[in-house]
Amino acid sequence: MPVVEYKCPNCGSGMNFDSASGMLSCPSCGRQDKIDDTSDPLLVQTFEEGEAVEYHCNSCGADIITDPETSATTCSFCGSAVVLADRLSGQLAPSKVIPFAISKQQAEQAFRKWCRGGLVTPKGFMTADRIKSITGMYVPFWLYELNNEIEVQGHGTKVRTYTRGDYRYTETQHFEVYRKIRLNYNKVPVDASEKMKDELMDRLEPFPYGQLKTFNSPYLAGYIAEKYSFDEKQLFPRVKTKIAPFINSYIQSTVRGYASMSYSRKDIDTRLTHADYALLPVWMVHYDYNNTGYTFAMNGQTGKVVGKPPISKGKVAAWFGGVAAVTLLTLKTVSWAMGGGFL
Amino acid sequence: MRRSSLTAMLLLLIGLLVLPASGLAADKQLIFDEAGLLSPEEVQELNALANQLGAERQTDFIIITSSNTENKDVAMITNDFYDENLPGENAAILTMDMRNRQVDLGGFYLAEEYLDNSRLDKIRNGITPALSAGNYADAFREFLKESHRYMGYEPGFNPDNILFQTWFQVAVSLALGGLVVSVMVFRSGGRVTINRQTYEDSGSSGVLAHRDTYLRTTTTKTKIPRNNGGGGGGGGGGMTRGGHSRSGSRGSF
């Protein structure tokens with residue numbers, strides 16, 4: 001059976017991961033099990049991907065209806081937390097996980113707080129009373145370890161100006177500049193789920209890597225988890241574009257002191273040394289406002305919220321007018337104090 | 001009876017005191033066109049303008065044109081005129097030496113403070129083209145108006161500072177408003193809080209080799225532009241022989 005459930009050894013109820021204690025806990029009798037101590041039930045048996053066509057709940061026997069990417073969910077009939085083992089084994093076995101640190105209630109509170117802080121969002125949105133759903137989801141990420149060998153060659157100038165007599169002299173010194181740099185990056189995250197928008201996931205960073213744990217399936221109990229849609233090789237170009245600005249900024253930092261710099265050669269050789277498949281915690285918030293659905297994502301550890309909220313034209317206009325008016329008044333006052341006319 | 005006659009007497013006395021004074025103020029001669037550069041109508045018009053603007057700044061705006069038969073230095077003409085006629089007064093004087101085609105602008109007391117050398121330079125540079133072209137009345141009118149305008153700005157500031165321009169103030173306000181709003185809208189969706197150091201393994205990263213080879217030096221020179229209105233000139237304050245400090249700007253036209 002490729003469906004794994006977590007039954008309480010005391011009372012037989014379904015156990016869930018508790019974000020506050022970080023343990024597998026039983027809602028019925030209160031038993032709490034440390035996850036690090038228990039051996040992953042997934043490892044007892046090995047499964048092949050795509051082995052099962054249908055999944056049945058071990059508790060009630062109902063069909064478990066899921067997306068093809070889902071690897072953990074709850075039974076829609078009896079609510080038991082189930083893990084679809086064949087989607088977390090073999091090639092698809094995650095090596096790391098960051099568990100949730102924020103519970104559903106905390107996530108909702110944090111989201112409401114975030115909505116209240118919106119400066120240009122409509123008033124009706126700020127009350128945050130139209131939350132359609134909050135779903136805790138483990139999103140598949142690749143954490144890349146990258147080694148970069150960089151060689152740059154360029155032309156730099158240093159400029160000095162001075163005046164002598166009636167002339168202003170501009171003295172430009174030209175230099176041939178060469179740098180060889182080794183630049184290594186650890187755990188650069190790239191989301192591997194097709195469903196998740198990249199720009200949303202990128203803004204959720206940083207994830208606290210101190211909380212990174214060896215993967216153990218009970219962490220998923222009670223949450224939804226996805227399996228990766230793209231492997232580490234398919235996403236390699238994306239991680240390269242992601243670190244490109246970091247590399248450029250590092251190169252810039254090594255040629256300080258030049259007034260201008262133009263590169264004739266910039267060789268960046270990026271090698272993928274290692275990529276860890278990790279599941280990172282994200283609260284997905286679906287919200288209805290004016291008959292339009294909005295999707296927000298919240299970092300399940302830090303509580304950082306990202307996503308495009310609706311923008312109130314009136315508030316934008318008010319801020320614009322207010323700032324412009326105050327600036328104009330300030331400038332007028334300064335000019336008036338210096339003796340210029342007020343109008 | 002006694003009271004009303006006393007009132008009448010008083011009124012008469014006040015009238016006698018006030019009327020000639022105000023009449024004098026209106027008639028105060030401020031244009032001394034000894035070289036005959038202006039028509040009588042122009043003299044009248046400029047005199048009226050000088051009186052009106054001067055009253056607002058408590059300063060005598062004076063214009064002297066001279067054929068300079070004694071061949072005195074133009075600044076000396078200004079200084080001697082001041083010492084003779086209005087020692088200790090607030091005055092801004094424009095002197096034309098038609099013999100040597102020199103013009104001198106001087107500020108005394110309040111006008112020295114408000115019309116410092118650099119401000120007088122600006123005014124002189126502004127009117128020199130008109131002087132060279134022989135449009136004396138236009139140049140003098142400009143001198144009166146600009147001196148009056150500049151005296152409205154506190155000393156030490158550049159009166160032509162772009163900060164004083166309304167269009168500039170409006171442009172800055174709108175730009176700042178737009179910037180603030182764009183940042184707000186842009187950041188409403190959450191912002192990127194990672195930088196290049198977030199994932200960098202600084203322990204194993206670094207510059208392995210570097211070379212900075214000096215190639216050559218190129219030097220360019222540009223002439224520093226001088227504000228030489230009509231050719232030759234410059235500023236300078238100083239003292240009159242009567243011991244009055246002045247600001248100044250002089251040049252040829």
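Author: Let me start with a definition: two strands pair if DSSP finds at least two bridges between them. Strand E3 (residues 23–25) of chain A is joined to E4(A) by two bridges, and the two run antiparallel. Keep in mind that this is a predicted model.

Reader: Which residue is the bridge partner of Leu24(A) in E4(A)?

Author: Asp33(A) is the bridge partner of Leu24(A) there.

Reader: And what order do the strands of that open sheet have?

Author: The order is E2-E3-E4 (chain A), an open sheet of three strands with antiparallel pairing. Strand E2 (16–18) and strand E4 (32–33) of chain A stand at the edges with a single partner strand each, so one side of each has no neighbour in the sheet.

Reader: What holds strands of a sheet together, in general?

Author: Strands of a sheet pair through backbone hydrogen bonds, and the pairing is either parallel or antiparallel.

Reader: Ok, zoom out. How many helices and strands does chain A come to?

Author: Chain A has six helices and 14 strands. Its C-alpha trace spans about 95 × 55 × 30 Å along the principal axes.

Reader: What radius of gyration does chain A have, against a compact globule?

Author: Chain A has 28 Å, whereas a compact globule of 343 residues would have a radius of gyration near 20 Å. Of the 343 residues of chain A, 35% count as buried. Among contacts in chain A with a separation of 6 or more, 71% are between residues 24 or more positions apart.

Reader: Which domains is chain A divided into?

Author: Domain 1 covers 104–311 and domain 2 covers 312–343. The C-alpha centres of these two domains of chain A lie 37 Å apart. Four residues from domain 1 and four residues from domain 2 of chain A take part in the contact between them. On the domain 1 side, the residues that touch domain 2 are three nonpolar and one polar, with no charged residues.

Reader: What does E9(A) pair with across the two chains?

Author: E9(A) is joined by 16 bridges to strand E5 (residues 206–223) of chain B, and the two run antiparallel. To find one of these pairs, look at His174(A): its bridge partner in E5(B) is Arg216(B).

Reader: Staying in chain B, is strand E8 mostly covered or mostly open?

Author: Mostly covered: six of the eight residues of strand E8 (residues 245–252) of chain B are buried. Seven bridges join E8(B) to strand E4 (residues 102–108) of chain B, antiparallel. Within E8(B), Ser247(B) stands opposite Gly107(B).

Reader: What about E7(B) and E8(B)?

Author: Strand E7 (residues 238–239) of chain B pairs with E8(B) over two bridges in the antiparallel sense. Gly238(B) has Arg246(B) as its bridge partner in E8(B). E7(B) and E8(B) form a hairpin with five residues between them, and Gly243(B) in the turn has a positive phi of about 90 degrees.

Reader: Which residues other than glycine have a positive phi?

Author: Two to look at are in chain B. Gln58(B) has a phi near 50 degrees and is found in the loop between helix H2 (40–57) and strand E2 (60–66) of chain B. Asn71(B) has a phi near 55 degrees and lies in the loop between E2 and helix H3 (74–85) of chain B. Most residues other than glycine have a negative phi.

Reader: Why does Gln58(B) count as exposed?

Author: Because Gln58(B) has 12 C-beta neighbours inside 10 Å, and a residue is exposed if it has 12 or fewer. Asn71(B) also counts as exposed, because it has 8.

Reader: Last one. Which peptide bond is cis, with omega near 0 degrees?

Author: The bond from Glu205(A) to Pro206(A) is cis. Pro206(A) is placed in the loop between H4 and strand E10 (213–214) of chain A. Most peptide bonds are trans.

Methods: Residues numbered from 1 in each chain as written. Chains lettered and ligands numbered in written order. Predicted model: local features only at pLDDT ≥ 70, side-chain atom pairs only at ≥ 80, totals over all residues. Helix = DSSP H or I, 4+ residues; strand = E, 2+ residues; numbered from the N terminus. Buried ≥ 20, exposed ≤ 12 C-beta atoms within 10 Å, placed from the backbone. Rg over C-alpha atoms; globule rule 2.2 N^0.38 Å. Contact = placed C-beta atoms within 7 Å. Domains from an automatic or database assignment. Nonpolar A, V, L, I, M, F, W, Y, C, P; charged D, E, K, R; others polar.
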